[in-house]
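Q: I have a model open on my screen and would like to learn how to read its features. Could you take me through some of them?

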Amino acid sequence: MNVRIYVEGGGDHNKALDTECRRGFREFFRKAGMDRRMPRIVSCGGRSGAYKSFRTSHENAAADDFPILLVDSEAQVSGGDVWEHVRTRDGWQRPDGATPDQLHLMVQAMEAWFHADKEKVEEYYGRGFRPGALSQRPEIDNIPKADLFAGLKAATRACPTKGEYSKGGHSFEILALIDPAKVRDSSPVHAGRLLHVLDRICVP
């Protein structure tokens, strides 16, 4: 099975950021057990670009191709139908033949995953980091997007080496450091489902 994950991340026409995005996700999935069966990571920039690239890939997929879309939910997800979430929020139509296993959401943004492994985030920033500024909610899917970013900025404001949190400059380096098992345990409905699907369909 040829598995490609079209991720929201990287930068439009920014090769360095695209490389960091792919490296961050590859390292995250490697630590989740995908090292000998790694899906191909396709960095797509913004959410709309990721959806369009996924849709094109799905429409042209061969029998052994399995494209996956991975984007921020941007808001709380009500119910279990991920395609309904992006239809009502973004106006994205589910492509003919696409299954729920082909859409996965980082709820409410990728930064929620960092909150599952605060120790690694603190290790990354070092001196001046304030872990108490981060949301302490154990179920990371329930942290509002605004609180994710506000907490990270407050926690890193006094860090002399890395400076204040930067989505482009720091996010994929942190992604490469965090523990997927902690993310799965803190987000069983969404991150857990993603890792379960990849474990099932990615074969050596």
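This is a predicted model: local features need pLDDT of at least 70, side-chain atom pairs count only at pLDDT 80 or more; totals for chains, interfaces and linings use all residues.

Q: Which side chain has a polar contact with that of His170?
A: The side chain of Tyr125, at 2.8 Å. His170 sits in helix α7, residues 167–177 (helices are DSSP runs of H or I with at least four residues, strands are runs of E with at least two, and both are numbered from the N terminus). His170 is buried, at 8% relative accessible area; buried means under 20%, exposed over 50%, and partly exposed in between, with a 1.4 Å probe and protein chains only.

Q: Where is Gln108, and which backbone nitrogen does its side chain reach?
A: Gln108 is in the loop between β4 (103–106) and α4 (111–115), and its side chain reaches the backbone nitrogen of Lys145 at 3.1 Å. Gln108 is buried, with a relative accessible area of 8%.

Q: How many disulfides does the structure hold?
A: A disulfide is a covalent bond between the sulfur atoms of two cysteines; here the cut-off is a pair of cysteine sulfur atoms within 2.5 Å. The structure holds 0. For Cys44, the closest cysteine sulfur is that of Cys21, 8.2 Å away and therefore too far for a bond. For Cys202, the closest is in Cys44, at 17 Å, again too far. Cys44 is buried at 11%, and Cys202 is buried at 5%.

Q: Which residues of α1 are buried?
A: They are Leu17, Asp18, Cys21, Gly24, Phe25, Phe28, Phe29 and Met34. They lie on the same side of α1 because they cover an arc of only 150° around the axis, the arc being that of the directions from the helix axis to the C-beta atoms. On the face turned away from that buried side are the exposed residues Lys15 and Ala16. Asn14 caps the N-terminal end of α1, with a side-chain oxygen 3.3 Å from the backbone nitrogen of Ala16.

Q: How many salt bridges are there, and what joins Glu27 and Arg30?
A: Side chains of opposite charge can pair when their charged atoms come close. A salt bridge is a side-chain nitrogen of Lys or Arg within 4 Å of a carboxyl oxygen of Asp or Glu, and the structure holds 17. Glu27 and Arg30 form a salt bridge, with their closest N and O atoms 2.6 Å apart. They are 3 residues apart in helix α1, so about one helical turn separates them.

Q: Which parts of the chain does the salt bridge between Arg200 and Asp101 tie together?
A: This salt bridge has an N to O distance of 2.5 Å. Arg200 is in helix α9 (residues 191–201) and Asp101 in the loop between α3 and β4, so the pair ties together parts 99 residues apart in sequence. Arg200 is partly exposed at 45%, and Asp101 is partly exposed at 23%. Elsewhere, salt bridges that share partners join Glu8, Arg47, Glu74, Arg89, Asp90 and Lys145 into one network.

Key. Residues are numbered from 1 along each chain as its sequence is written. Side-chain values use heavy atoms; hydrogens and water are left out. A polar contact is a pair of N or O atoms within 3.5 Å; within protein, one must be able to donate a hydrogen and the other to accept it, and residues adjacent in sequence count only if both atoms are side-chain atoms.
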